[in-house]
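Take a walk through this model, one packing contact at a time. Start with the helices, then step back to the domains.

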Amino acid sequence: MDSIFKAIQASAIRIKDAIDTKDIGYSQKENSSGETQLELDIKCDMIIEEELSKIYSVHTVASEEKEHEVVLHEGGKYFIAYDPLDGSSLIDVNLSVGSIFGIYEGAFGAKNMVASCYVVFGPRVEMVFAHNKTKLHLLQNGDFEFVKEIRLNEKGKLNAPGGTQQNWEPYHKELVDSFFAEGYRLRYSGGMVPDLHQILLKGGGLFSYPATSDKPEGKLRKLFEVFPFAFIFEKAYGEAIDSKNRLLDLEHKNIHDTSPCFFGSKYEINRVKESYAAAKR
Ligand code: F6P
């Protein structure tokens, strides 16, 4: 696991350099989710695959930018799903973006997740790695230094509601509004990594990306985004559900499957469960 952690760090340093120096022109391609790929997305994907291919314990990788999985080492035991540059459409407006990694043992699947990690490229580069605990590291003078363990409070103050409001169910809108009525503040940049990072570091709150009329299965991808963050939140004493079930109990059929998702501290997640259960009764 330590060598994977080091390979992710090496990728992050190269990605930071690519973000700082590369042209951000659009490529002519679309990724598996139908989003236009930036040349930078493709570059970051290549960097990560190159770094992970040096690690013999990595059996297979799956990238959000590629249609199919790639086998690296037949004898390896880890299966790594990654989103090389999540929120890359925010690059041109110079907002924070991130890379996300889910580390599975034996095969892809929530139940096989053994660790997960994300890197935030903002004014500073930070990395959060969850194995037994959720730990924050900061890139300083070319090295990632351990900063602290991340632990959520029972209740937070931030509300990050994703998706197009027009397409929300009325009971979802009521739930979101009820948090604002309780004094929660809106924090939503449109980048999953910085939005969840903010909730983790400010002690708690709620990030939601619900089922909507146009996206009944949600938008965010299970293997690359939803499961890795669910693991990170649970190891930080928070919770992660699809409105009812624990996200890490969900199955997937295809590597690009999506799910509605709610990440937060215990208080907010209980409120989500209660509201959705009442609405569906
Ligand atoms: O996965 C892509 C992504 O950009 C996430 O980083 C982000 O949370 C989400 O989409 C934003 O979607 P929307 O603009 O629909 O709220």
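At what angle do the axes of helix α3 and helix α6 cross? Helix α3 covers residues 170-181 and helix α6 covers residues 266-280; their axes cross at roughly 150° and come within 10 Å. Axes here are lines fitted to C-alpha atoms, for helices over the stretch in contact, and angles run from 0 to 180 degrees between N-to-C directions. Helices (H or I, at least four residues) and strands (E, at least two) are DSSP runs, numbered from the N terminus. Angles under 35 degrees count as roughly parallel, over 145 as roughly antiparallel, 65 to 115 as roughly perpendicular and the rest as oblique. α3 and α6 are therefore roughly antiparallel to each other.

This is a predicted model: local features need pLDDT of at least 70, side-chain atom pairs count only at pLDDT 80 or more, and totals for chains, interfaces and linings use all residues. Residues are numbered from 1 along each chain as its sequence is written, and side-chain values use heavy atoms, with hydrogens and water left out.

Now look at the residues between these two helices. From α3 come Tyr 171, His 172, Leu 175, Ser 178 and Phe 179. They meet α6 residues including Tyr 267, Arg 271, Val 272 and Tyr 276. Contact means heavy atoms within 4.5 Å. By class, the contact of α3 with α6 has seven nonpolar, three polar and three charged residues. (Ala, Val, Leu, Ile, Met, Phe, Trp, Tyr, Cys and Pro count as nonpolar, Asp, Glu, Lys and Arg as charged, and the others, Gly among them, as polar.)

Turn to helix α1 (residues 2-21) and helix α2 (residues 39-52). Their axes lie 9 Å apart, at an angle of about 155°. α1 and α2 are therefore roughly antiparallel to each other. On the α1 side, the contact includes Ala 7, Arg 14 and Ile 15; on the α2 side, Leu 40, Ile 47 and Glu 51 are among the residues. The contact of α1 with α2 has ten nonpolar, one polar and four charged residues.

Helix α4 (residues 192-201) and helix α5 (residues 222-235) pack at about 10°, with axes 12 Å apart. α4 and α5 are therefore roughly parallel to each other. Met 192, Val 193, Leu 196, Ile 199 and Leu 200 of α4 meet Glu 225, Phe 229, Ile 232 and Phe 233 of α5. Eight of these residues are nonpolar, none polar and one charged.

Step back to the domains. The protein divides into domain 1 (2-149) and domain 2 (158-279), with bounds from an automatic or database domain assignment. Their C-alpha centres lie 22 Å apart. The contact takes 44 residues from domain 1 and 31 residues from domain 2. About 2700 Å² is buried between domain 1 and domain 2, and carbon and sulfur atoms give 65% of that area. Buried area is the accessible area (1.4 Å probe) that two parts lose on being put together, summed over both. In domain 1, Ile 100, Ala 110 and Tyr 118 lose the most area to domain 2, together 20% of what that side buries.

Finish at Ser 96, in the loop between β5 (78-86) and β6 (97-105). Beyond its neighbours within four places in sequence, Ser 96 is in contact with Leu 90, Val 120, Phe 121, Gly 122, Pro 123 and Pro 194.
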